[in-house]
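Hello,

Here is the structure we spoke about. My notes on its charged side chains follow below it.

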Amino acid sequence: MMRTSAALLLLVLALPAGAGGLPQLRWNADTAPAALVELARASAARVDFSRGYSQPRLSTTIAAGADAVETRTTIVSAFGDEESAYAYGNGHITLDVESTELTVNAAFVLHPDGTVQTVARDTLQSVDTETEVFGDTVTLVLPYAGLQPGSVAVLDFTRREKLAGRIYPWGRIFYLQSSFPMDELHVALSWTASRPLAWATDAERLKCVPAELSVVCDGGGYPAIARDEDANFFDLLPHFSVAERSTWADLHAITSRIVDRAQSGSARVKAAFAGLSRERGGTEGREGNQPREELIARVHGFVGKQIRYLGLEQGKHGYVPHSTDATLERRFGDCKDMSTLVIELLKNGAIAARPVLVASDFERPEKLLIPNVAYFDHMVACLDGETALCLDATDPYSTWSSLPSHLQGRVNLGLASDKVVAFPREPFLWTLEVATANAFAADGSLLERQTRKYSGSWAGFMRGQLKARTTDDRTRFLIDGYERAIGDQDGSPEFEVDNLDTFDRDLVVRSEKRYPELVREDAALDYTERLGWLMDLLDEAQSDNREYPFQFSGLSYAEDSTFDPGNHWSLSPDTVPVVRFRSRFGEVDRTSEIEGGRLVVHTAVRLPRASIEPRDLEAFARFVQAVRDNTLIQVRGALTRPR
Amino acid sequence: VGVAEADASGGVPVAATTIPGAAKPLGAPFTLWRFFVLVGATCGVYLLFWSYRIARDAEALTGKPRKAWAYPFSHLFAPLAALVVANVIRDCDDARAVQDPSRRRAHAGVCGWAYFGALAALNVASLAEVPLLATMAAIVLCALLALPAEDAINRARLNLPLERRQTLGGFAPWHYLLLVPGALLWALIAVYLHDSEWQRYTGDQLAAGQTHYVMQEQYTVTPPDSGWARSAPSDDPDVEDRLVGPHEQRAVFYLYEDDSLDSLMQSRRDLIAEYESAVPECRETRVFDDVHGNVEALLACRTEPTFGSRTLYTIKAIDDGERIAEILISTSVATKLTEKIARKGEALAESFKPAS
């Protein structure tokens with residue numbers, strides 16, 4: 001329901017909606033058609049098996065009629081080694097079982113010795129692979145039998161999708177590049193004048209020849225995509241988009257309409273709102289007359305915490321939210337259900353909000369080539385009149401006043417009703433302020449008191465991490481984080497967490513720990529430490545990308561470190577270098593001073609959000625490493641007689 | 001709180017690293033006022049020390065063993081030479097008086113001047129050991145010239161009436177006053193010798209304001225003022241280049257592999273503190289060179305004033321992530337000139353950049 005994983009790329013086709021369970025299908029694949037066997041032989045003769053797994057040919061023919069769209073897909077797969085058979089040894093067909101009739105025309109393997117082995121129907125598996133908000137899809141898994149290096153598999157199937165009763169116009173996306181080489185691509189569309197299709201592609205290697213009611217595209221020669229981990233592939237891969245002709249405004253109007261209809265106005269909803277109104281929370285709140293912001297926070301918190309997220313859409317509810325009354329009664333729902341409930345509760349408080357569709361996979365609006373609902377996989381509720389002030393009740397731990405991190409920069413339909421735009425981004429996703437007070441004692445021990453303040457969307461993320469754990473696990477989580485950043489010597493610190501349940505405030509973690517015998521009490525003070533939390537945070541600024549830009553989320557870090565030598569030492573001045581880094585990637589400032597006999601070190605690091613091009617990644621990594629290398633604080637002092 | 005770190009990288013080999021200024025800089029030819037004051041104040045003893053230091057510094061500069069003892073030893077001959085020359089002058093004068101008592105002119109002083117002139121000519125074209133030989137040769141020469149004259153004078157003296165003999169060979173202060181400009185000339189010659197010898201070992205000066213390659217042409221510096229020259233190579237494998245400059249400055253370039261900036265700069269602080277009696281005042285700033293991706297550390301330390309002068313240390317280290325290039329500038333400078341000279345040193349350090 002939320003972000004689609006990159007593993008989805010293995011499925012070249014992005015597919016529509018349906019209902020759970022083994023899909024109804026027509027199985028015509030007990031024998032291998034001669035024409036397809038010949039296609040397999042021709043592919044085997046010319047494919048380069050040294051590449052491991054590849055697809056010598058992918059063909060899709062779409063014929064849109066007055067009441068249905070029929071799509072025939074032929075996938076030829078070549079297996080060059082055992083590893084490719086292990087990784088890609090199954091054929092996959094994803095379909096919306098609610099609206100789709102599936103016919104498997106052929107599923108077989110041509111072995112290197114020329115023999116043909118068909119897929120046995122009784123080996124088929126059905127897997128619920130729900131990845132999209134608008135649909136109820138399952139994936140049919142067809143295990144190829146007898147695979148060996150040199151085998152070629154052919155999967156040929158036809159999906160017939162009914163157009164009647166669809167909430168949104170029919171639409172489909174085909175990705176034309178994947179994690180393996182794709183040699184030949186063929187896409188053919190045809191439609192009727194009464195239900196015209198719109199199509200578009202950004203694939204440079206696909207040449208299309210349009211006609212009045214059809215288009216035929218051929219191309220290919222796509223190498224495997226580079227396996228960069230920190231890349232948004234959906235923004236990078238070429239694709240072919242086809243949908244019934246509509247406008248963005250049409251899609252937004254449909255969304256608004258179905259959400260309006262789902263708002264029940266029931267007594268249950270009114271009671272829920274009344275309950276929220278009676279709550280006494282913030283200091284400014286007054287019964288029945290709360291500030292607007294407080295009401296928003298309560299509605300967000302109520303839906304986020306009281307309604308359990310469950311993304312199992314079925315039937316028409318793959319597209320249409322359940323009524324708010326049903327959602328309240330069941331106390332679970334998906335993003336559509338939760339957003340609809342948020343909108344109605346806010347409306348009861350005279351706060352207008354609207355549904356906004358989110359294309360979580362996309363950060364570039366221009367990649368949404370035509371109005372096509374298949375791009376979207378999420379829904380949130382955005383306040384009218386507010387720029388990108390959106391509530392995502394599926395992320396209950398975030399503050400309503402800042403956009404959750406998983407939405408920032410994502411393409412949406414609803415902020416603007418007639419076009420897709422990207423949500424704004426905070427310049428810094430990782431925002432942390434640390435205050436550390438270190439006090440040396442005459443026995444050589446050190447007492448560290450530390451306060452960490454997480455702000456913005458990261459506070460929501462951290463809150464989610466903590467709230468999702470039991471008390472013991474929460475402590476273990478905090479200890480693990482501390483030990484990773486600071487160290488694990490001399491036991492674990494004591495922790496306190498503030499504002500864990502107050503979502504609209506910064507999350508504060510306090511810790512206290514004594515380090516016995518850390519320095520020699522009978523010698524001059526010579527102590528060094530690094531800014532551990534900054535070092536830990538800088539891990540987020542690392543990328544192994546080689547081909548694609550690294551989307552760095554931005555880091556803002558500030559720490560005030562105080563070192564009190566007590567009466568036992570007298571600190572030496574100027575032991576901490578002044579740091580003043582200025583780079584196109586960010587800034588670092590560090591100063592220090594002696595105040596009242598204590599050393600106070602101020603550190604500020606600001607690395608704004610950026611898309612780092614591959615050619616700049618080395619320089620970026622060097623800067624990050626330079627920041628990391630200059631986190632050392634040295635404290636020196638001479639022994640002095642106790643006062 | 002982090003662990004009190006023990007630097008696993010090993011750090012800079014402090015013990016093996018020398019601070020140029022710690023060896024005290026050469027008696028520079030440009031601080032004449034101090035030279036003359038000290039020579040006068042110590043009745044010439046400083047001259048012996050100064051000349052010895054020239055030899056020692058030259059040895060350090062060139063890496064070649066030198067006869068350092070010869071320098072002060074040669075200067076010890078100066079009083080002897082002066083006595084001989086004064087005697088010759090007096091005797092020549094006496095000889096003239098014998099021949100023509102009415103004309104007591106000191107043309108014989110030319111003989112002493114000739115001595116200094118000969119010495120100067122020899123020194124300019126020769127190594128520092130030569131003054132010893134030249135002085136000895138000049139004394140012998142003057143003695144050989146004087147002996148016949150002495151003999152003639154003695155014989156003439158015997159022929160004079162007794163009352164006139166008493167007037168000969170008497171104390172004549174102006175004879176000795178004649179030596180004063182000669183001594184000054186001699187000192188100037190020695191200083192010039194030093195300077196010329198310095199140039200001999202350091203080569204041509206680096207033009208001020210122009211960029212010059214150092215460290216196998218991987219880095220550059222731009223001397224902010226004239227008087228900087230390249231120094232001879234060093235036996236220290238970490239030392240890539242050396243410069244000598246005005247204001248008793250030395251700049252040494254080091255290159256370290258697999259080291260950290262923190263350990264290097266800390267070792268520098270420790271090393272300076274080790275050399276100096278009082279813990280110096282230091283200030284360090286680090287910046288990021290976005291063009292080259294380097295971290296640059298600039299450490300400026302100054303010692304407490306001692307006898308009207310103090311030592312400045314200016315260190316710039318460039319960390320490119322794989323190695324650290326360093327320029328270490330030491331300056332011994334009069335207190336009242338500290339700020340001006342410090343700026344010069346920092347300007348040179350700041351001009352230290354990667355060559356690309």
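Arg286(B) is buried, at 2% relative accessibility (buried means under 20% relative accessible area, exposed over 50%, partly exposed in between, with a 1.4 Å probe and protein chains only). Its partner in a salt bridge is Glu284(B), at 2.7 Å from N to O (a side-chain nitrogen of Lys or Arg within 4 Å of a carboxyl oxygen of Asp or Glu). Glu284(B) is buried as well, at 3%. Both belong to a salt-bridge network that also includes Arg530(A), Asp262(B) and Arg269(B).

This is a predicted model, in which local features need pLDDT of at least 70 and side-chain atom pairs count only at pLDDT 80 or more, while totals for chains, interfaces and linings use all residues. Residues are numbered from 1 along each chain as its sequence is written, chains are lettered from A and ligands numbered from 1 in the order in which they are written, and side-chain values use heavy atoms, without hydrogens and water.

Over all chains there are 41 salt bridges. In one of them, Arg330(A) and Asp337(A) have their closest N and O atoms 3.9 Å apart. Arg330(A) is partly exposed at 31%, whereas Asp337(A) is buried at 2%.

Another salt bridge joins Arg606(A) to Glu587(A), with 3.0 Å between the closest N and O atoms. Arg606(A) is partly exposed at 27%, and Glu587(A) is partly exposed at 31%.

Regards
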